[in-house]
Amino acid sequence: MLQASRGTVKPSGNFNASADAEVLHKAMKGLGTDEGAILQLVTARSNAQRQEIKAAYKTLFGKDLIHDLKGELSGKFETLIVALMTPPISYDVTCLHDAIKGAGTNEKVLVEVLASRKPQQVKDIIAAYQKEYDRSLEADVCGDTSGHFQRLLVILLQVCLITIISNLYSALFKAGEQKFGTDEQSFVTILGNRSTEHLRKVFDAYMKLSGYQIEESIQRETSGCLRDLLLAVVKCARSVPAYFAETLYKSMKGAGTDDNTLIRVMVTRSEVDMLDIRAEFRRLFACSLHSTIKGDTSGDYCKALLLLCAGDDA
């Protein structure tokens, strides 16, 4: 049975790709740009409908819509609108490629995308990455990372969902709390090769056996990028919406805003589980996602994010 979408962005009922393409063209032609018309339209269409609008725009005006949007918009608002106009798998592929290429690696993006996506999505990402860049995602990840962090990323890319193993929680306990030092390899292998349903049972058993939540042990026994990735895998196994609620909160709390993360999460979850993320945000942080975005951003960028949020849970 198909699950109803828990996203805030739904397909528009009376959809006409050509009419929408006309609206966007009118918003960009002549002097000045009607950013309000652009953000109202783009946030009120599903991603599949936006792809139809792109095709209609090309047919009607002989121009590339993304190219025109980039020429008319700027800054964070441009980044957000272009992200919304990109097919989901292509967007994930671009995010991963940008995280790996050049000097340094954006481990945060690798952690978020590979820990949170469903097995079929990971398969599609791997295939699309190969097609787009004529390179293996796994090879690029291996070339840019190392150690146990690299090993767990590679395991996640294999989409291994082994669900039957005896005394798994005992192995985890021995790997962490029960011995001096940490057998990081055991953490990596166990957490990387299990289905989410089985992992939840393992976490419960681990708690009964050790008296600790698995997150507490990971915090104590590991560090750096490996710790971040292990925690992301555990949190996503427990609740993907709660994981993203926390990710959004961290992107906005304190001085400055991590706009790249804010945009990435709002765009990729808007048609998936944004309603659940909003509920978890309210539960975990005693304030609404809407009010937090409003207090941390401004202008058309803020207006578009609030339309994606689509409601205040104050």
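The buried residues of helix α3 pack against α1 (17-28), α2 (35-42), α4 (65-72), α5 (75-84) and α6 (88-100). Contact here means heavy atoms within 4.5 Å, and buried means under 20% relative accessible area, with exposed over 50% and partly exposed in between (1.4 Å probe, protein chains only). Helices are DSSP runs (H or I, at least four residues), numbered from the N terminus. Keep in mind that this is a predicted model: local features need pLDDT of at least 70, side-chain atom pairs count only at pLDDT 80 or more, and totals for chains, interfaces and linings use all residues. Residues are numbered from 1 along each chain as its sequence is written, and side-chain values use heavy atoms, leaving out hydrogens and water.

So who sits on the inside of α3? Asn47, Gln49, Arg50, Ile53, Ala56 and Tyr57 are buried. Look down the axis of α3 and these buried residues fall within an arc of 165 degrees (taken from the directions from the helix axis to the C-beta atoms), so they line one face of the helix. Turned away from that buried side are the exposed residues Ala48 and Thr59.

Now for the greasy part. Nonpolar side chains tend to be buried together in soluble globular proteins. A nonpolar core is a set of buried Ala, Val, Leu, Ile, Met, Phe, Trp, Tyr and Cys residues joined through side-chain atoms within 4.5 Å. The largest one here has 82 residues, and Leu80 is among the members that touch the most others. Helix α15 (residues 224-238) gives this core its largest share, nine residues. Leaving aside residues up to four places away in sequence, Leu80 touches Ile263, Val267, Tyr301, Ala304, Leu305 and Leu308.

Charges come next. The structure holds 16 salt bridges, each one a side-chain nitrogen of Lys or Arg within 4 Å of a carboxyl oxygen of Asp or Glu. Take Asp92 and Arg117, whose closest N and O atoms are 2.8 Å apart. Asp92 lies in helix α6 and Arg117 in the loop between α7 (107-116) and α8 (119-133), so this pair ties together parts 25 residues apart in sequence. Asp92 is buried at 4% relative accessible area, and Arg117 counts as buried at 7%. Another pair is Arg238 with Glu215, at 2.6 Å. It links helix α15 to helix α14 (residues 214-221). Finally, Lys235, Glu246 and Lys250 are linked in a network of salt bridges.

Definitions and conventions
Helices (H or I, at least four residues) and strands (E, at least two) are DSSP runs, numbered from the N terminus.
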